[in-house]
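This report walks through selected features of one model.

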Amino acid sequence: MSGSMLKNIWLPYTQMQTCNNPIVAELTKGSKITLRDGTELIDGIASWWTACHGYNHSYIAEQVQKQLYKMPHIMFGGIIHEPAIKLSAKLASLLPGNLNKVFFTESGSVSVEVAMKMAIQFWLNQNHLKKTKILSFYGGYHGDTMATMAVCDPDEGMHQLFQGILPHQHIIALPKTKQLQQEFIAFLEKHHHEIAAILIEPLVQGAGGMLIHDPELLMFLRQQADHFNILLIFDEIFTGLGRTGSLFACNQANVVPDIITLSKALSGGTMALAATIAREHIFNGFLSDKENHALMHGPTFMANPLACACAIASLELFDQYDWKNNVKNIELQMTAELEVCRKLDIVKDVRVKGAIGVVELHKIKNINLLKNRLLDHKVWIRPFGDIIYLTPSFTITTAELTKLTQAIVHTLFYG
Ligand SMILES: *Cc1c(COP(=O)(O)O)cnc(C)c1O
C-alpha cells in the first residue's frame, strides 16, 4: 500500500530505494499536523520554518480567499497590481535604511540568484567588467539551484557531488576571530577587484549547520565591504521575519546590507513567495538610457497576487500579537529544557538563538532511525547532518514546546 502511494512521487534529499513508508499529512492547524490515520503530530520545525504564526491562520486564509475571487494571478511584466504595491511598500517600511526596491520571485533560491545577478550586473552596468565573483562562507546555505549551490558550504553542503562542475566562487571562513579577520582582509586585498558581493546569512547560518555568530561580525563585514568597494548581501530567508528575536537579523547588528533576500516565512507559510530587496543606490545603478542595463530577470509567477495577499496578511499579524515576547519565551524555554542534553557524551553542543534551538551531536549514526524514534513521540522533527533542531511557530504553546524538547531529550537519553 505505502509502496503504491509513492509510485509517482520523487521526494527531496531522499534515497527512494529505501523509502517505503512515508507518512501522509491531511490537516494542519496551529502547531499540529494530523495524519491520514488520525495521528496528531506536534510540529517542531514549522514546515522548514515557514509557518511562523502557525498553520492555517484564519486571517491569512480570509485575505487569500478575498484575493482568490478577485484575481488569483496576472503576469508582472508591464502591468502591476494592488497586492504587489501594498506588499512592497510594507516591506520597505519594515526594512532598515533605504532597502526600498523590491523584486519578487517565487522561491528562496531564485531570490538569491537574483541578488547575485543584481550585484554582478550593478558593476557591469558601470563598466566594472571584472567584478563577477561572489564571496560566501563555510557553513552557509543559499539554495539548491546550480548558481546557489556554488555559494553553499562545499563540504557540509548537500552538493559535494556537483563540486567540480559548479562555477568557481570564493568560499572562506567566517571572520570570527582577530586572526581570521586579518586573513579576511588579506584575502580582500588580493581579490577585491574580482568580487561583486559578499553573501552571508546574518546571525545564524541555517541549513548549512545552524551555526550562530555575533552581530559584531556583520559590522566588520559592512566596514570591509565599504572599504573594498564590494556589495554586501544578507540572505535572511532563514533569519528574517522574527526568527532570531528581531524582525530582521540585521536589526541586531544595526547594519544595512545593500541587498537582502526574504522567503520562507514571508507569506506566513501559505504560498511560495520570495523577494530580493535592494537599496536605492543599487537600483539607481540600473537606470540608464541603455535598455540592456535593466535588470535581466523575470519569473513567470513573480509577485503572484495570492502570495502577495498572504504576505501582507502575515506581516499585519506581526502587529496583532506580541510575537517578540513569544520568541523570547520560546528561547528561554528551549534553553532551559534542552540544556540537559549537554550531559551526554554523544552531544557536542546545545545552542539557542531566538526561536531556533539546536542540539548538535558528534555524529548522528543512523539518521532514519533517529527520525523514526522522534516520530514515535508524535513530534515532527527533521534532523540533518549531525544536527537536531527546533524552529517552531511563534504561536506554539508552552505544553507543545515541552513535548518537542522532551521528545529530543528522551530519544537522546534512552535511544
Ligand atoms: C531555504 C533557504 C534558501 C532556499 O530557499 P528555497 O525556497 O528552498 O529555494 C536560501 N537561503 C536560505 C538561508 C534558506 O534558508
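Arg351 and Glu360 are both buried. Their side chains meet in a salt bridge, at 2.8 Å from N to O. The model is predicted.

**Salt bridges**

The structure holds 13 salt bridges. The pair of Arg351 and Glu360 belongs to a network of salt bridges that also links Glu339, Arg342, Lys348 and Asp349. Arg342 is partly exposed, at 40% relative accessible area. Glu339 is partly exposed too, at 34%.

Another salt bridge joins the side chains of Glu316 and Lys86, at 4.0 Å from N to O. This pair ties distant parts of the chain together: Glu316 sits in helix H11, Lys86 in helix H4 (residues 82-94), and 230 residues separate them. Lys86 has 42% relative accessibility and so counts as partly exposed, between the 20% and 50% limits.

Three of these pairs are listed here.

| Salt bridge | N to O distance |
|---|---|
| Arg351 and Glu360 | 2.8 Å |
| Glu316 and Lys86 | 4.0 Å |

**Helix H11**

Is H11 buried or exposed? The helix is mostly covered, with 13 of its 13 residues buried. From first C-alpha to last, H11 reaches 18 Å, close to the 18 Å expected at 1.5 Å a residue.

**His297**

The loop between helix H10 (280-284) and helix H11 (305-317) holds His297. This histidine is partly exposed, with a relative accessible area of 26%. Beyond residues up to four places away in sequence, His297 touches Phe103, Val110, Val114 and Lys117. With Lys117 there is a polar contact between side chains, at 2.9 Å. Lys363 is 66 residues from His297 in sequence, and the two C-alpha atoms are 42 Å apart in space.

Strands of a sheet pair through backbone hydrogen bonds, in parallel or antiparallel fashion. Here four strands form an open sheet with mixed pairing, in the order E1-E2-E3-E15. Strand E1 (25-29) and strand E15 (379-380) stand at the edges; each has a single partner strand, so one side of each lacks a neighbour in the sheet. E1 pairs with strand E2 (residues 32-35) in the antiparallel sense, over four bridges. In this pairing, Ala25 stands opposite Leu35 of E2. Helix H14 (residues 398-414) lies across E2, strand E3 (40-43) and E15, and runs at about 90° to E3.

**Strand E5 and its partners**

Strand E5 (residues 133-137) is mostly covered, with four of its five residues buried. E5 runs parallel to strand E7 (residues 195-200), joined by three bridges. Lys133 has Ile195 as its bridge partner in E7. E5 also runs parallel to strand E6 (residues 170-172), again with three bridges. There, Phe137 stands opposite Ile172 of E6.

**Thr239**

Where is Thr239 found? This threonine lies in the loop between strand E10 (231-235) and helix H9 (249-253). Thr239 counts as buried because its relative accessibility is 0%. Its side chain makes a polar contact of 3.0 Å with the side chain of Glu236.

How values were computed. Residues numbered from 1 in each chain as written. Predicted model: local features only at pLDDT ≥ 70, side-chain atom pairs only at ≥ 80, totals over all residues. Heavy atoms only, no water. Helix = DSSP H or I, 4+ residues; strand = E, 2+ residues; numbered from the N terminus. Buried < 20%, exposed > 50% of the residue type's maximum accessible area, 1.4 Å probe, protein only. Polar contact = N/O pair within 3.5 Å; in protein donor to acceptor, adjacent residues only side chain to side chain. Pairing = 2+ DSSP bridges. Contact = heavy atoms within 4.5 Å. Axes fitted to C-alpha atoms, helices over the stretch in contact; angles between N-to-C directions. Expected span 1.5 Å × (residues − 1).
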